[in-house]
Amino acid sequence: MAQALVCGPGTLQRLSGVVRDLGLHHVLLVADAGIRAAGYVDAASRILTDAGIAVAHFDQFGENPTSDMIEAGRAHAAPLGVDGIIGLGGGSSLDCAKGINFVLSNGGTMADYRGYGKATRALLPMVGIPTTAGTGSEAQSYAIISDPHTHEKMACGDPGAAFRAVILDPVLTATQPAPVTAAAGYDALSHAVETWVTRVRNPVSDLFAREAWTKLSGNYERVLSHPSDLAAREAMLLGAHLAGAAIERSMLGATHACANALTAHRGTIHGVAIAILLRHVVRWNGGRDVAVAARYAQLDADLAGRLGALAAAGGFPAGVAATGATRDAMDVLTAIASRQWTGTFNPVPFGADAAREIFDAAWVAA
Ligand SMILES: [Fe+2]
């Protein structure tokens, strides 16, 4: 986790102090065009320049940043001599900041860093400022970068890719469109649920996962019905952060393996794919391992039912078929799902046959 965590409404104003504490003087601010349009790039830049900190910007990337976008960021930043990086935005901005850091400080391309600990030189200190309560990327030392040709996601991790400082300001999440709040929040919920049962979970990841579930499940419906409730927004932001910290220690599971396949094949938004699949994975895992079923029951006596109610509140499509996927794509979907690293951490052994059963159950499910 970050060494410094600043949390609460209006805490973006503390950015210059946070950057100064890290000893930085010239930072690259990585934030996508939507974040700029929302006014947050200008706000953050003003706070920094007022404190005498020089700022360069990079916004040439989109959802699911690719290694080509990372290279564009590196080429932009290399002549500037920045001494730190700020990621401001959703998971894409935070992943993009980490990705640029890898190739800017260590050379090569993103594929060189697939896996963990491949960097040989120190990475630049980074500050993470999430504007969605979702991925919890700001609590993780992995950048998720897509291959521009296959659209598959590469997980590139390193201790130096962890944000040194994180600012959780719920005001930044209050203006996002309702579908973004719904999809990102459900993704965070899934992180709490999947980390709670993985093969490699431990007492510390359990602490994070449990607290994340409490915060997220207790506030999800509230932020959808009352979008300006900053206390609920803060609970979601902190819950997503804690779930991200749980991922860092215990990885994810079959829901993310299947969802990644749906996103690669259909371009389905990550949180939407997750919302379609999560309760079916809970039923599938729980039906095959009584110990896992007992773990799920500690979160909720009827966890799959509760997840169905939360998905209904989010207004998601009920089944895989609604994404436009057709049954003849099943072999493609299951093949991609079975290749996902995240599936190896599922508490029940997961492969193409398991993916087929899960997709079948979720195809036109209620
Ligand atoms: Fe996720």
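Where is the place of Met251?

Modeller: This is a predicted model, and everything below is computed from it. Met251 lies in the loop between α8 and α9, the latter spanning 254-266. Its backbone stands out. Met251 is not a glycine, yet its phi is positive, about 60 degrees. Most residues other than glycine have a negative phi. Met251 has a relative accessible area of 14%. The cut-off for buried is under 20%, so Met251 counts as buried.

A second residue shows a positive phi. Asn64, also not a glycine, has a phi of about 50 degrees. Asn64 sits in the loop between β3 (54-58) and α4 (67-77). With a relative accessibility of 30%, Asn64 is partly exposed, whereas Met251 is buried.

Helix α8 covers residues 230-250, and helix α7 covers residues 203-225. Their axes come within 7 Å and cross at roughly 150 degrees. The cut-off for roughly antiparallel is over 145 degrees, so α7 and α8 qualify. The crossing of α7 past α8 is left-handed. As for residue classes, the contact of α7 with α8 holds 16 nonpolar, 4 polar and 5 charged residues.

Ala178 belongs to helix α6, and at 52% relative accessibility it is exposed. Helix α6 as a whole reads otherwise. Of its 18 residues, 15 are buried, so α6 is largely enclosed by the rest of the structure. Helix α6 runs over residues 178-195 and reaches 26 Å from first C-alpha to last, close to the 26 Å expected.

Helix α9 covers 254-266. Gln340 touches Ala257 and Asn260, and also Glu152, once residues up to four places away in sequence are set aside. Gln340 itself is in the loop between α13 (330-338) and α14 (352-362). At 10% relative accessibility, Gln340 is buried.

Helix α10 (residues 270-288) packs against helix α11 (residues 290-299) at about 130 degrees, with the axes 5 Å apart. That angle makes the two helices oblique to each other. On the α10 side the contact uses Val281, Val282, Asn285, Gly286 and Arg288. On the α11 side it uses Val290, Val292, Ala293 and Tyr296. By class, the contact of α10 with α11 has 6 nonpolar, 2 polar and 1 charged residues.

One last stop is the segment after α14, where Val364 is found. Val364 is exposed, at 68% relative accessibility. Even so, Val364 has partners. Leaving aside neighbours within four places in sequence, Val364 contacts Gly319 and Ala321. The C-alpha atoms of Val364 and Val320 are separated by 6.3 Å, though the two residues are 44 apart along the chain.

Back to your residue, then. Met251 is a buried loop residue with a positive phi of about 60 degrees, placed between α8 and α9.

Conventions: Residues are numbered from 1 along each chain as its sequence is written. This is a predicted model: local features need pLDDT of at least 70, side-chain atom pairs count only at pLDDT 80 or more; totals for chains, interfaces and linings use all residues. Side-chain values use heavy atoms; hydrogens and water are left out. Helices (H or I, at least four residues) and strands (E, at least two) are DSSP runs, numbered from the N terminus. The expected span of a helix is 1.5 Å times one less than its number of residues. Buried means under 20% relative accessible area, exposed over 50%, partly exposed in between (1.4 Å probe, protein chains only). Axes are lines fitted to C-alpha atoms, for helices over the stretch in contact, and angles run from 0 to 180 degrees between N-to-C directions. Angles under 35 degrees count as roughly parallel, over 145 as roughly antiparallel, 65 to 115 as roughly perpendicular and the rest as oblique. A crossing is left-handed if the near helix is turned anticlockwise from the far one by less than a right angle, and right-handed if clockwise. Ala, Val, Leu, Ile, Met, Phe, Trp, Tyr, Cys and Pro count as nonpolar, Asp, Glu, Lys and Arg as charged, and the others, Gly among them, as polar. Contact means heavy atoms within 4.5 Å.
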